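Q: Could you take a close look at one part of this model for me, starting with how its strands pair up? I'd enjoy a connected walk through the details.

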Amino acid sequence: MLYLNADHIREIGIQWDELTHVISEATAALHQQDYSQPIKPYLRYGDPQNRIIAMPAYVGGQAPLAGIKWIASFPGNIYQNKLRAHSVTILNEHDSGIPLCVINTATISGIRTAAVSGVILKKYLATRKEDKQFTVGIIGFGPIGRMHLNMVTAILGDRLNRVLLYDINGVDLTAVDPAVKDKVAVAGSWQECYTSADIFITCTVSSAPYVDLPPVKSSLQLNVSLRDYKVEMVRHMDVVVVDDWEEVCRQNTDIENMHKVMGLEKGDTLSIADVVCKDALKDQEGVVMFNPMGMAIFDIAVGGHYYQQAISRKVGMVMPD
C-alpha cells in the first residue's frame, strides 16, 4: 500500500487543466449513474461548529476506484495556530476492495475543492466574451482561499485584471505567487471586495450569513464556504447551481436556508452534471451562483489522479501489509 503526505503531493504538483479534466470525467460518471455515494454523516460533539465527516464513494468511468475521505473541520483551530481541516483519504481497488493508497493531508481536499470551482469557472468563461477582463474577489485567505487564488489566476491567465483579497484576520501577501503579485491588492472590507468582483469566491469559516448587497451584473458567485449569503440574496441570482441538491440542502447551508425561508426548490437549480454534461450555462448571461457541498466522488477521483501520478513518478512510501 502506498502512503502519500503533503510533501509528496507538493512534489507531484498542481496542474489545474489536468485536475479540472479529472473532475469533468467524474461528473460524466455521475451523469451516467456510474457511481455510488451515500449521504455523508457528520460526527459532532462538544462545540457544535466542529465536525468530522465521513465521505465514502465509488466512481466509475475509465479509471474506476472506491474509497473514503475522513475529514475533520474545527474552525477554532485557526486561533490556536493549527490548521482548520485535517483529512485522510483511503483508496480501494474497485473490484477487490484491496486498499491501494492512504493520502494523509488536507491539501488533497483543498485541491479537490478548487478544481471543482475551476470546472464551473471554465464553463462560465465560455459564456462570456473572449476579450473580457475579470476582477476576482476572494473573502477568506486561509488554505482554501489561497488554493482558489492559485486556481483562478492559472485558469484566467491573460484575462485576469486584478484580484482583491479580504480576511477579517488580515491577509498575508507573502502567500501570493510572485508571478501575479502585481495584480493582487488587499481590500479594506468585504463590501469593497464583493462589489468590485466579476468572480467572487467565499472561502470563510463564517457561522452566520452577512452578504446582503446586489452582486456585480453577470458575475460568477462561487459560494465555496456555503454560509455567507443572506437568504434574500437568492432573488439576485439568475442561475443557482449545486453539486448535489440532497447533499447541499442541509446542515444550515445557504441553500437549505434559502429553501426554508425563500422557497427555493431543487427544480429551481441546476446540478454540476447539468452544467458539465448538458452545457446548461450556454446562453446564460446573468448572475451565476455555485454552491458546492463537496462530493466524495470528486475526492476519490482526485485522490486516484495523485495515486497514479505517484506510481508513475515513484513518489511516496510503500507500506507493508
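A: Happy to. Leu4 has Ile103 in S7 as its bridge partner, in a model that is predicted. That bridge belongs to the pairing of strand S1 (residues 2–5) with strand S7 (residues 99–104), which is parallel and runs over four bridges. Ile103 in S7 also has Thr89 standing opposite. Here the neighbouring strand is S6 (residues 85–92), antiparallel to S7 and joined to it by five bridges. S6 and S7 make a hairpin with six residues between them, and in its turn Gly97 has a positive phi of about 80°.

The largest one has 104 residues, and Leu121, Val136, Ile199 and Tyr229 touch the most other members. Helix H3 (residues 107–125) supplies the largest share, 10 residues. Domain 1 (2–108 + 296–318) and domain 2 (128–291) both contribute residues, so this core lies between them. Leaving aside residues up to four places away in sequence, the contacts of Val136 include Val152, Leu156, Val163, Ile199 and Ile201.

Trp190 and Tyr210 have ring centres 5.3 Å apart and planes at 70°, so they pair edge-to-face. Trp190 is in helix H5 (residues 190–194), while Tyr210 is in the loop between strand S11 (199–202) and strand S12 (220–222), 20 residues apart. Tyr194 and Phe200 are edge-to-face too, because their planes stand at 80°, with centres 4.8 Å apart. Both Tyr194 and Phe200 are buried, and Trp190, Tyr194, Phe200 and Tyr210 form one aromatic cluster.

How values were computed:
Residues numbered from 1 in each chain as written. Predicted model: local features only at pLDDT ≥ 70, side-chain atom pairs only at ≥ 80, totals over all residues. Heavy atoms only, no water. Core = buried A, V, L, I, M, F, W, Y, C linked by side-chain atoms within 4.5 Å. Buried < 20%, exposed > 50% of the residue type's maximum accessible area, 1.4 Å probe, protein only. Helix = DSSP H or I, 4+ residues; strand = E, 2+ residues; numbered from the N terminus. Domains from an automatic or database assignment. Contact = heavy atoms within 4.5 Å. Pairing = 2+ DSSP bridges. Phe/Tyr/Trp six-rings, centres within 6.5 Å; stacked < 30°, edge-to-face > 60°.
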